[in-house]
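Here are my notes on the model you sent over. Have a look at the fold first, then go through the points below.

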Amino acid sequence: GTLRMASVAFRKREDPVCENVKSPGVNFLCISDGGPIEEWFRSLGPMNATTQPWKRVLKDPRMGSAMLYFILFRSYDVLVVYAKSGPKLEYGSLHRLTTQMRSGVPTVVEAR
């Protein structure tokens with residue numbers, strides 16, 4: 001099968017953005033659209049793997065947008081977290097890193 005990898009990061013324009021890669025055995029997707037997850041989540045198609053409609057997930061106070069991220073993360077085999085740049089370099093990637101690691105998906109971290 002194909003290894004499905006993704007980077008879910010919303011960066012400033014001046015930051016370098018990763019590139020989608022399709023090669024034999026690896027499909028790497030950069031998700032960097034930005035904005036609220038409910039605006040772009042369905043375009044990626046991960047809800048095919050769940051029985052709950054995404055609008056119901058958003059309305060449920062126990063789930064909400066955090067659950068959409070969890071569903072998104074779990075639809076990949078490996079997640080890649082790039083370090084932020086500038087003043088946020090030292091601590092700014094911590095939240096992104098921990099939320100992706102908590103999904104249980106193996107996570108690769110860029111070190112600077």
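1. Met 5 sits across from Val 78 of β4. The strands involved are β1 (residues 3–8) and β4 (residues 78–81), which run parallel and are joined by 2 bridges. Strands here are DSSP runs of E with at least two residues, helices are runs of H or I with at least four, and both are numbered from the N terminus. Two strands count as paired if DSSP finds at least two bridges between them.

2. A word on what you're looking at. This is a predicted model, where local features need pLDDT of at least 70, side-chain atom pairs count only at pLDDT 80 or more, and totals for chains, interfaces and linings use all residues. Numbering starts from 1 along each chain as its sequence is written, and side-chain values use heavy atoms, with hydrogens and water left out.

3. Zooming out to the sheet: it is open, with 5 strands in the order β2-β3-β1-β4-β5 and mixed pairing. From one strand to the next, the twist averages 20°.

4. Helix α4 (residues 94–102) packs on this sheet and touches β1, β4 and β5. Its direction makes about 175° with that of β4. Contact means heavy atoms within 4.5 Å; axes are lines fitted to C-alpha atoms (for helices, over the stretch in contact), and angles run from 0 to 180 degrees between N-to-C directions.

5. Which residues of α3 are buried? They are Gly 64, Leu 68, Ile 71, Leu 72 and Phe 73. Buried means under 20% relative accessible area, exposed means over 50%, and partly exposed is in between (1.4 Å probe, protein chains only). The cover over them includes β1, β3 (26–31), α1 (37–40), α2 (54–59), β4 and α4.

6. The structure has 1 aromatic pair. Tyr 69 and Phe 73 make a tilted pair, 6.0 Å centre to centre with 45° between the planes. Rings of Phe, Tyr and Trp (its six-membered ring) pair if their centres lie within 6.5 Å; planes under 30 degrees apart are stacked, over 60 edge-to-face, and the rest tilted. The two are about one helical turn apart because they lie 4 residues from each other in α3 (residues 64–74). Phe 73 counts as buried because its relative accessibility is 4%, while Tyr 69, at 23%, is partly exposed.

7. Last, the whole structure has 1 salt bridge, between the side chains of Asp 60 and Arg 62 (3.1 Å, N to O). The term means a side-chain nitrogen of Lys or Arg within 4 Å of a carboxyl oxygen of Asp or Glu. Asp 60 is buried at 14% relative accessibility, whereas Arg 62 is exposed at 75%.
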